[in-house]
Amino acid sequence: SFSEDMRARGRTPGSTWLKRAEGVATPEEALRLGLAPGAPVLRLQRLRHADETPLCLQYATVAAFALPSLDAVGESLYEALEAAGQRPVRAQQRLSAVLLGGEQARLLRARDGDAGLCVERLGMLPDGRPVELCRAYYRGELVDFVAEARAG
């Protein structure tokens with residue numbers, strides 16, 4: 001997790017919720033989450049930081065059936081999903097290079113056009129149903145990712 005990774009690097013993790021709202025699925029969200037068009041969703045936006053330096057801006061859309069309410073989410077979205085019996089057990093992630101601009105650049109204390117990384121995650125329940133779609137934007141110069149591959 002983000003917090004565990006930051007602690008392993010000797011940094012103090014933190015996060016600030018910026019927005020929490022109920023809404024209806026956009027056509028893209030409905031397609032990705034396997035919902036009917038206009039189905040209810042919960043949207044959460046937060047800024048994650050380490051030692052007070054903003055590193056990551058996250059936009060999460062959660063199928064409304066997965067949580068009793070927005071108030072159920074405290075510090076951790078995944079803890080709230082687990083408490084509701086709806087925690088994802090696997091995820092597909094896609095990483096892409098982006099140029100930060102507008103809200104992302106401002107909140108991450110970057111300049112328009114600075115290099116960034118977008119990590120898109122689709123979290124799925126044990127039965128394969130998608131429950132969470134998250135896009136996270138990182139400042140390019142402050143983050144690295146490590147992946148391990150094993151044969152056989």
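Which residue forms a salt bridge with Asp-114? I looked this up before anything else. The partner is Arg-111, and the closest N and O atoms of the two are 3.5 Å apart. The model I am reading is a predicted one.

**Entry: the two ends of that bridge**

Asp-114 has a relative accessible area of 17%. The limit for buried is under 20%, so Asp-114 counts as buried. Arg-111 has 62% relative accessibility and counts as exposed. I noted the general point that side chains of opposite charge can pair when their charged atoms come close.

**Entry: the whole chain**

I then stepped back to the overall layout. The protein has four helices and six strands. Read from the N terminus, the order of elements is α-β-α-β-β-α-β-α-β-β. The chain has 152 residues, and 43% of them count as buried. I wrote down the accessible surface as about 8,700 Å², with 51% of it belonging to carbon and sulfur atoms. For contacts with a separation of 6 or more, I found that 57% are between residues 24 or more positions apart.

**Entry: more salt bridges**

How many salt bridges does a search of the whole structure find? The search finds ten. I took one of them, between Arg-87 and Glu-82, where the closest N and O atoms are 3.1 Å apart. Arg-87 is partly exposed, at 35% relative accessibility.

Next I looked at Glu-120 and Arg-135, whose side chains meet in a salt bridge of 2.8 Å, N to O. Glu-120 lies in strand S5 (residues 115–124) and Arg-135 in strand S6 (residues 130–139), so this pair ties together parts that are 15 residues apart in sequence. I compared the cover of the two ends. Glu-120 is buried, with a relative accessible area of 6%, whereas Arg-135 is partly exposed at 23%.

I also asked which residues are linked with this pair in a network of salt bridges. The network is made of Glu-28, Arg-32, Arg-94, Glu-120 and Arg-135.

I turned to strand S3, which covers residues 53–63. Nine of its eleven residues are buried, so S3 is largely enclosed by the rest of the structure.

Which strands pair with S3? I found S2 (residues 40–50), which pairs with S3 in the antiparallel sense over ten bridges. I also found S6, which pairs with S3 in the antiparallel sense over seven bridges. In the pairing with S6, Ala-60 has Cys-134 as its bridge partner.

S2 and S3 form a hairpin, and two residues sit between them. I checked the turn and found that Asp-51 has a positive phi of about 50° there.

**Entry: Gln-58**

I picked Gln-58, a residue of strand S3. Gln-58 is buried, with a relative accessible area of 9%. Arg-46 stands opposite Gln-58. The side chains of these two are joined by a polar contact of 2.7 Å. Leaving out residues up to four places away in sequence, I listed what Gln-58 touches: Leu-44, Gln-45, Arg-46, Arg-48, Cys-134, Arg-135 and Ala-136. Arg-135 was already in my notes as a member of the salt-bridge network.

**Entry: Thr-61**

Is Thr-61 buried or exposed? Thr-61 is in strand S3, and I found it buried, with a relative accessible area of 7%. Its side chain and that of Glu-29 are joined by a polar contact of 2.9 Å. Beyond neighbours within four places in sequence, the contacts of Thr-61 include Leu-33, Val-41, Leu-42, Arg-43 and Val-131.

**Entry: Ala-21**

Last, I looked up Ala-21, which is found in strand S1 (residues 13–24). Ala-21 is partly exposed, at 35% relative accessibility. Ala-21 and Thr-61 are 40 residues apart in sequence, and their C-alpha atoms are 9.7 Å apart in space. Not counting residues up to four places away in sequence, Ala-21 touches Val-41, Leu-42, Arg-43 and Leu-70. I noted that Val-41, Leu-42 and Arg-43 are also among the contacts of Thr-61.

Technical notes
Residues numbered from 1 in each chain as written. Predicted model: local features only at pLDDT ≥ 70, side-chain atom pairs only at ≥ 80, totals over all residues. Heavy atoms only, no water. Buried < 20%, exposed > 50% of the residue type's maximum accessible area, 1.4 Å probe, protein only. Contact = heavy atoms within 4.5 Å. Areas by Shrake-Rupley, 256 points an atom, 1.4 Å probe, with all protein chains shown as cover. Salt bridge = Lys/Arg side-chain N within 4 Å of Asp/Glu carboxyl O. Pairing = 2+ DSSP bridges. Polar contact = N/O pair within 3.5 Å; in protein donor to acceptor, adjacent residues only side chain to side chain.
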